[in-house]
Amino acid sequence: MSRLRLIIPLVCTFIIGQSSPAQVPKTEKPKQFIYVLRLVSRLYSDSNWTKQDNEVLERHFARFQEAAKSGQLILAGRTSEPGDKTFGIAIFAASDEAAARKFMQADPAVAGGLMTAELHPFAVALERKNQ
C-alpha cells in the first residue's frame, strides 16, 4: 500500500506535465531603427571622389537593395543638398539595438570611411500604401 501512495502522485504529476501546453517563448516583433548618414568632409566636393570611393558607394547601394528585398530595410534616401548640408537616412528593422548597430556598422559606406552614421530607435507611425 505504501508503494501505491508514492506511485499515484508521481503518475499524476507526469500526466499533468505531459498534457499541459509547452511554454513557447513569444517571438518579438522586430524593432525599428534609423541611422543618419553624413559624408566625411573630404567628400563635400565632387572632384574629391576617387574610383575606390565610388566602388564603395556602389556596394553601399547594393546592400540597401538586398536589405529592401529581404524586408529588413523599410526606407532609405538622401537629401539633395550640396556638401556639408546633405545627409542620408536608413530606416530598418532589427531584433535589438546590438543587431541594429551591427547592421549600421557593416554598411560599406560607414565601414569604408565615406560616411559617419548615428543610430536612433525609431517607429514608423504612418506609411503611404503602395498604389
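1. In this predicted model, glutamine 32 has alanine 93 of strand β3 as its bridge partner. The two strands involved are β1, covering residues 31-39, and β3, covering residues 88-94, and they pair in the antiparallel sense over 7 bridges. Here strands are DSSP runs of type E with at least two residues, helices are runs of H or I with at least four residues, and both are numbered from the N terminus; two strands pair if DSSP finds at least two bridges between them.

2. Strand β1 also runs antiparallel to strand β4 (residues 115-122), to which 8 bridges join it.

3. A word on how to read the numbers is needed here. Residues are numbered from 1 along each chain as its sequence is written, and side-chain values use heavy atoms, with hydrogens and water left out. Because the model is predicted, local features need pLDDT of at least 70 and side-chain atom pairs count only at pLDDT 80 or more, whereas totals for chains, interfaces and linings use all residues.

4. The protein chain has 4 helices and 4 strands, and along the sequence they follow the pattern α-β-α-β-β-α-α-β. Of its 131 residues, 24% count as buried, where buried means under 20% relative accessible area, exposed means over 50%, and partly exposed lies in between (1.4 Å probe, protein chains only). Among contacts between residues at least 6 apart in sequence, 68% join residues at least 24 apart, a contact being heavy atoms within 4.5 Å.

5. Which residues of helix α3 (residues 97-105) are buried? They are Ala100, Phe103 and Met104. These residues cover an arc of only 95 degrees around the axis, which puts them on the same side of α3; the arc is that of the directions from the helix axis to the C-beta atoms. On the other side of α3, Ala98 and Lys102 are exposed. In general, an α-helix has 3.6 residues a turn, so residues three or four places apart point the same way.

6. The cover over the buried residues of α3 includes β1, α2 (51-70), β3, α4 (108-111) and β4. At the start of α3, a side-chain oxygen of aspartate 96 comes to within 3.2 Å of the backbone nitrogen of alanine 98.

7. The structure holds 5 aromatic pairs; rings of Phe, Tyr and Trp (its six-membered ring) pair if their centres lie within 6.5 Å, and planes under 30 degrees apart count as stacked, over 60 as edge-to-face and the rest as tilted. The rings of tyrosine 35 and phenylalanine 92 have centres 5.6 Å apart and planes at 80 degrees, so this pair is edge-to-face. Since tyrosine 35 lies in strand β1 and phenylalanine 92 in strand β3, the pair ties together parts that are 57 residues apart in sequence. Both tyrosine 35 and phenylalanine 92 are buried.

8. Tyrosine 35 also forms an edge-to-face aromatic pair with phenylalanine 103, with 6.4 Å from centre to centre and 70 degrees between the planes. This pair links distant parts of the chain, tyrosine 35 in strand β1 and phenylalanine 103 in helix α3, which are 68 residues apart. Tyrosine 35 has a relative accessible area of 0%, and phenylalanine 103 counts as buried at 8%. Phe33, Tyr35, Phe64, Phe92 and Phe103 form one aromatic cluster.

9. Not counting residues up to four places away in sequence, histidine 60 touches Leu37, Asp107, Pro108, Ala109 and Met115.

10. Threonine 79 has its place in the loop between β2 and β3, and with a relative accessible area of 18% it is buried. Its side chain is joined by polar contacts to the side chains of glutamate 81, at 3.4 Å, and of threonine 86, at 3.1 Å.

Terms used: A polar contact is a pair of N or O atoms within 3.5 Å; within protein, one must be able to donate a hydrogen and the other to accept it, and residues adjacent in sequence count only if both atoms are side-chain atoms.
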